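Hi everyone, thanks for coming along. Please have a look at the model on the screen, and I'll walk you through a few places in it.

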Amino acid sequence: MDKSKIFLSFTESARKQIELRLLELIPEAPKSLYDPIRYTMESGGKRIRPVLTYLSSLSDSKANWLPAACAVELLHNFTLVHDDIMDNAAWRRGKKTMHTLLDVNTAILAGDTIIALAEESLASGSYEFADGMLKEFSFGFRSVCEGQAYDKEFETRNDVTADEYIRMIDLKSAKMLELAAVLGAYSAGGEHVEAVREFAHHTGIAFQIRDDLLDLTADTSAFGKTFGGDISEGKRTFLFVTAMSLFDQLGDHDRDLLIRIQDKATTEHDIHHARKLFTDIGVMQKAKEAIEAETIIARNALNDIPDENMKKGLLEFGEYLLGREY
């Protein structure tokens, strides 16, 4: 059995509890509000963040991790609903997005309500460290919104640096993993909050850079996304901003390619040209090195956790999340 199947088997019970509780949290009426929310929550997803909450609580077998885990997953789904509106995305996880299936007003209201449900779930845990957990939740919520704002700003900028890009993915992606881990540690007594925070932070950075890399390297059928989709959409990814930092060193042909990418004016041939260019100038290798560096820091963050079951679960989580071929 491969490592991903072992990890999924290890967390199967937790994932089943998460799925059941998420649906229990959604009221029945008014149907015009809650049916769309139910549609979103039943649209699939690996439940990566609430599973991380569970794994971060394993130092205490009696930890009440589930309300916190569901709060994080609801917050994540709020971001998806609103991001889809902002990006004018028609599909997610193979299903029509809420605003496409229904309308924008319904999706906005449903997204707002999902946040309320998340807060209710967190409050229902009656946690010893409730104040600290609420502060973490609010900070995570604000951070992901700030990350989205930077992401939208970058769409019209041609001078985004690698450091700015890392800051954006920290806010938009890594902070959600941090929140999930920290809430789990708090639910288990708060002993390992900073260790799991550092683990989740660096795992989240590595995950997003790998996601960028997979856009041009992964088997499309296995990855579940269109080959070169980031290039076609002109996204400011780790690969693109690193290539742009070398703009003055490139020939006219390659410079023209980068300009077409930022202007969202690429062809299918350009995607293959971009892959070759990014390989030739070392951008792909830099991405792999960044992933490896972040992964090592993440693993080392767990060295002082004495609970071997918790440490094993978190390490397997990292391998599962980052184990896709590139």
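The crossing of α8 and α9 is left-handed; a crossing gets that name if the near helix is turned anticlockwise from the far one by less than a right angle, and it is right-handed if clockwise. What you see here is a predicted model, where local features need pLDDT of at least 70, side-chain atom pairs count only at pLDDT 80 or more, and totals for chains, interfaces and linings use all residues. Residues are numbered from 1 along each chain as its sequence is written, and side-chain values use heavy atoms, with hydrogens and water left out.

A word on names: helices (H or I, at least four residues) and strands (E, at least two) are DSSP runs, numbered from the N terminus. Helix α8 covers residues 130-154 and helix α9 covers residues 162-187; their axes come within 8 Å and cross at roughly 160°. Axes are lines fitted to C-alpha atoms, for helices over the stretch in contact, and angles run from 0 to 180 degrees between N-to-C directions. So α8 and α9 are roughly antiparallel to each other, the word for angles over 145 degrees, while under 35 counts as roughly parallel, 65 to 115 as roughly perpendicular and the rest as oblique. By class, their contact has 14 nonpolar, six polar and six charged residues. Here Ala, Val, Leu, Ile, Met, Phe, Trp, Tyr, Cys and Pro count as nonpolar, Asp, Glu, Lys and Arg as charged, and the others, Gly among them, as polar.

Staying with α9, how does α5 pack against it? The angle is about 165°, with the axes 8 Å apart, and that makes α5 roughly antiparallel to α9. This crossing is right-handed. Now find helix α7, residues 104-123: α5 packs with it at an angle of about 165°, the axes again being 8 Å apart. That makes α5 roughly antiparallel to α7, but here the crossing is left-handed.

While α9 is in view, look for D170 and R167. They form a salt bridge, with the closest N and O atoms 3.3 Å apart; the term needs a side-chain nitrogen of Lys or Arg within 4 Å of a carboxyl oxygen of Asp or Glu. D170 and R167 are three residues apart in helix α9, so about one helical turn separates them. Across the whole structure, a search finds 24 salt bridges.

Next, the loops. Most residues other than glycine have a negative phi, and most peptide bonds are trans. N88, in the loop between α5 and β1 (91-92), has a positive phi of about 55° although it is not a glycine. P30 sits in the loop between α2 (12-24) and α3, and the peptide bond from A29 to P30 is cis, with omega near 5°.

Last stop: which residues lie nearest the centre of the largest cavity? They are T40, D84, R92, T97 and M98, out of 13 lining residues. Elements giving two or more residues to this lining are α3 (31-41), α5 (66-87) and α6 (98-101), and the largest share, four residues, comes from α5.

Conventions
1 Å grid on protein atoms, 1.4 Å probe; cavity = no way out; pocket = protein on both sides within 12 Å on 5 of 7 lines; lining within 4 Å.
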